[in-house]
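Biologist: I have a model open and want to go through its side-chain contacts. Can you take me through them?

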Amino acid sequence: MPNGSAKNSASVKSADAAAYGVLAVISLYCAIPFLWVFIASVDSEPSQFLAWPKEWSLQNYINIFARQDGFLWIANSLIIVGSATLIVMVLGGLGGYALSRSHGWWRRPFLYTIILIRVVPPTALIVPLYKVLLTANSVVGGIVRAVMPPDLVRPTMHIFGFIDGYLGIILVLAATQLPLALWIMKTFFDTIPRDYEEAAVMDGATLMQTIRRVLIPLALPGLGAAGLFAFIIAWGDFLMPLIFLSSAELQTLPLGLFRAYMRVNQLDYGFMTALAVIYTLPAVIAFGFARRFLVQTFGGGVKG
């Protein structure tokens, strides 16, 4: 009997070692592209092949801000994606609460309708969406030209324009991420017992006090998860900014990377990889802050 137990233990250890070996090989294979990007970004003479730098340098990062519009690209991306994420979190939280607490016949068809919108490929929506935004942009443009001095029309349209303006791309990115946020928040609010709200009402709290002091603290994990998904997907979106932004003043990081790639005959791997590292950092940082919200949200939310 002891010999049998020893053999079983040895076989289990062998299986574990084989599994960990396979995982290590797969992890190394997946990590090689990221390793090449980082090494090439700090190499004074980078190439398309993975090689140890002969001389380490931060000049590639400096060139992004000194010779290119790095600050502008980052600022535009943060403004657009940050605003879209905030809109998604606010509307997703309110809408998710309403969908969770209501029992109308329309709730299930509405939920399936909004998730169907999320499933439709974005390229299929480009033409009708562009037509709608172009019409709205014409209306806004007429109002702006009527009330603003001529020299302020273009800067104002860069803010409030639906085409080639902050407002339009923010609303587009928020609208594309809102269905998923509604589903996440509706599912999360389903795990929060109504007892918390009823206790607050019995203690004399108003609706706004209940939302501010009870529901928002309880909903933070769900909001964090919804915001994280919205931020990461919107941050990586290339198609929508490419279609709806044309001015150099409004370029985002993906557009800066794309147009830098298109306007040179010989690729500057140092510049491209340094910009790729900068492009990746905000999403990694956002995931680092919100990962515990993800675990709590998809691990069952709030237990009553």
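Modeller: A salt bridge here is a side-chain nitrogen of Lys or Arg within 4 Å of a carboxyl oxygen of Asp or Glu. Keep in mind that this is a predicted model.

Biologist: What is the N to O distance between K186 and D190?

Modeller: K186 and D190 both lie in helix α7, four residues apart. That spacing separates them by about one helical turn. Their side chains meet in a salt bridge, and the N to O distance is 2.9 Å.

Biologist: Is K186 buried or exposed?

Modeller: The cut-off for buried is under 20% relative accessible area. K186 has 15%. So K186 counts as buried.

Biologist: How many residues apart in sequence are R154 and E249?

Modeller: The side chains of R154 and E249 also meet in a salt bridge, at 3.9 Å from N to O. R154 lies in helix α6, while E249 sits in the loop between α10 and α11. The pair therefore ties together parts whose separation in sequence is 95 residues.

Biologist: What is the relative accessible area of W235?

Modeller: W235 and F231 are four residues apart in helix α9. F231 is buried, at 14%. W235 is buried too, with a relative accessible area of 5%.

Biologist: Which class of aromatic pair do F238 and F258 form?

Modeller: F238 is in the loop between α9 and α10, and F258 is in helix α11, 20 residues apart. Their ring centres are 5.1 Å apart, with 65° between the planes. Over 60 degrees counts as edge-to-face, so the class is edge-to-face.

Biologist: Which helix gives the largest share of the nonpolar patch?

Modeller: The patch on the surface is formed by V139, I143, V147, M148 and L152, with about 440 Å² of accessible area together. M148 lies in the loop between α5 and α6. The largest share, three residues, comes from helix α5.

Biologist: What is the phi of D164?

Modeller: Most residues other than glycine have a negative phi. D164 is found in the loop between α6 and α7, and D164 is buried at 13% relative accessible area. D164 is not a glycine, yet its phi is positive, at about 55°.

How values were computed
Residues numbered from 1 in each chain as written. Predicted model: local features only at pLDDT ≥ 70, side-chain atom pairs only at ≥ 80, totals over all residues. Heavy atoms only, no water. Patch = residues over 30% accessible without salt bridge, like charges linked within 9 Å, V, L, I, M, F, W, Y side chains within 5 Å. Areas by Shrake-Rupley, 256 points an atom, 1.4 Å probe, with all protein chains shown as cover. Helix = DSSP H or I, 4+ residues; strand = E, 2+ residues; numbered from the N terminus. Buried < 20%, exposed > 50% of the residue type's maximum accessible area, 1.4 Å probe, protein only. Phe/Tyr/Trp six-rings, centres within 6.5 Å; stacked < 30°, edge-to-face > 60°.
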